[in-house]
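Biologist: I have a model open and would like to talk it through. Can you put it up?
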Amino acid sequence: MEITERALWTLIHGMGFGALYLLACSGGLVGLYQLTASPAPESTPSRERFVRTYLLIMVMLAWASVLIGTYVVYPWYRAAPPPGTTDLSMFPQRLLMSSPATIGWHSLGMEWKEHVAWFVPISITMVAFVFIRYGRHLGNHRQLRAAVLVFAAASFVAAGVAGFFGAMINKYAPVQGGHTVQLIRGEAK
Amino acid sequence: MNSPDSSLPRGAPALTNGPGEAAILSAAVGCFALAVLAILGDQSALIKRALVFYTPTGPLSGVTTGAILVWLFTWAILNWRWRKKTVAAGRINAAALLLLALSFLLTFPPIGDLF
C-alpha cells in the first residue's frame, strides 16, 4: 500500500486536520452552548477547563489545516505545466480547466474554498479567546454569547464548504507526485 | 459606546464586554479584509503582483497574510480602546455579523466576479 508524498500531505491537510476540525465542530458548539447558558447548572471548573482545551485543539486544527493547505498543497495544485505538456495529471488546476465538465470545480470550488477556509481559523481563534476570557460568565453577556455562537457556527459552515470542495476537487484532479511512501507491505491471499 | 450591556443581570461579575466585542468585530473585519483583498487582486494586475508574498502560492499568500495583519492590528487597537469598557454590544454585533455575511458573499465567485 503506497501513497505519493503530495497525496500524503493532501491527506494530512484534508482528512487529517480538516476532517478532525469538522468532527470537532458539533461537540464544540454544544459544549459552548451548554456551558454558557444562563443559568448554567452544568458549569463546573472541570467542564470549563475541558471546553477551553477542546476549543484550543480546534484552533490548532484550523490553523494547521489552512497553513498546510495554502503553503504546502496549493502550490502543487496551481503549478503551471511546461509549454507543450499534454499529460496534465500532475497539474490539477490545469487539468480541471481543460474540460468544460470540470472547470467549475476550479472556477467556483477552489476559488471559493481557498478564501473561505481562512474564515475558520480567524473565527475559532476569536471564539476560543472570548471563552477563555469570560468562561462560564459568558452567559451573563447574552449578546456577546450569541455573536460568539454565530461565529462558531460560521466557522463550521466555512470548514464544510472548504472540505466539500476539497474532497470533490481531489476526486476529479488529485494532487499527486513526489516520492512514494510505502504505508503497509501487502501480501497476496 | 459606553452604554451598559442590557443583558448583564444584576449581581453579574464585573467583566466588561469590551474585550469580547473587540475580538468579535476584529474577526469580522479580518474576514471582510480577506474578501476585499481577494477581489482587488482579481481586478488589478498590479495589485495581484503586489500580493505575491510567496511565489509558489501566488496572490493567495498576500491576500491571507494581509487579512491576518488587518485582523490582528484591528484587534490590538480595539482591545486597547475597549479593554475596560462596556460597549454597545447590539450595534457592534450587528456590524460584525453584517461584515461576516458580506465576506461569505464576496468570496463566492459568482458574486465576487461582479466587481
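Biologist: What share of the 115 residues in chain B is buried?
Modeller: In this predicted model, 42% of them are buried. A residue is buried if 20 or more other C-beta atoms lie within 10 Å of its own, exposed if 12 or fewer, and partly exposed in between, with C-beta atoms placed from the backbone.

Biologist: And in chain A?
Modeller: Buried residues make up 45% of the 189 residues in chain A.

Biologist: How are the residues and chains labelled?
Modeller: Residues are numbered from 1 along each chain as its sequence is written, and chains are lettered from A and ligands numbered from 1 in the order in which they are written. The model is predicted, so local features need pLDDT of at least 70, side-chain atom pairs count only at pLDDT 80 or more, and totals for chains, interfaces and linings use all residues.

Biologist: What's the average pLDDT of chain B?
Modeller: The average is 90, and 88% of the residues score at least 70. pLDDT is the predictor's confidence in each residue, from 0 to 100.

Biologist: Where in chain B does pLDDT stay under 50?
Modeller: Over residues 1-9. The model has 18 contacts for that stretch beyond four places in sequence. Two residues are in contact if their C-beta atoms, placed from the backbone, lie within 7 Å. Where pLDDT is low, the predicted coordinates should not be read in detail.

Biologist: What ipTM and pTM does the predictor give the complex?
Modeller: An ipTM of 0.90 and a pTM of 0.91.

Biologist: Now the fold. How many helices and strands does chain B have?
Modeller: Five helices and zero strands. Along the sequence the pattern is α-α-α-α-α. Helices (H or I, at least four residues) and strands (E, at least two) are DSSP runs, numbered from the N terminus.

Biologist: What about chain A?
Modeller: Chain A has six helices and two strands. From the N terminus on, they run β-α-α-α-α-α-α-β. The C-alpha trace spans about 65 × 45 × 25 Å along its principal axes.

Biologist: Let's look at where the chains meet. How many residues are in contact?
Modeller: 31 residues of chain A touch 38 residues of chain B. On the chain A side, H2 (45-77), H4 (103-116), H5 (119-134) and H6 (142-172) each supply at least two residues. H5(A) gives the largest share, eight residues.

Biologist: What classes of residue are on that side of chain A?
Modeller: 18 nonpolar, eight polar and five charged. Ala, Val, Leu, Ile, Met, Phe, Trp, Tyr, Cys and Pro count as nonpolar, Asp, Glu, Lys and Arg as charged, and the others, Gly among them, as polar.

Biologist: Back to H4(A). Where does it bend?
Modeller: At A:Gly109, by about 35°. The bend at a residue is the angle between axes fitted to the seven residues ending there and the seven starting there. H4(A) is mostly covered, with 10 of its 14 residues buried. Among them are A:Trp105, A:Gly109 and A:Trp112.

Biologist: And H2(A)?
Modeller: H2(A) bends by about 40° at A:Gly69. H2(A) has 33 residues and reaches 46 Å from its first C-alpha to its last, close to the 48 Å expected at 1.5 Å a residue. The expected span is 1.5 Å times one less than the number of residues.

Biologist: Which residues have the most contacts inside the largest nonpolar core?
Modeller: A:Val127 and B:Ile24, in a core of 83 residues. A nonpolar core is a set of buried Ala, Val, Leu, Ile, Met, Phe, Trp, Tyr and Cys residues joined through C-beta atoms within 7 Å. Helix H1 (residues 18-43) of chain B brings the largest share of this core, 16 residues.

Biologist: What does A:Val127 touch, leaving aside neighbours within four places in sequence?
Modeller: A:Leu55, A:Val148, A:Phe151 and A:Ala152.

Biologist: One last spot. Why does A:Gly16 count as partly exposed?
Modeller: Because A:Gly16 has 17 other C-beta atoms within 10 Å. A:Gly16 is in helix H1 (residues 5-35) of chain A. A:Gly16 and A:Ser65 are 49 residues apart in sequence, yet 8.1 Å apart in space, C-alpha to C-alpha.
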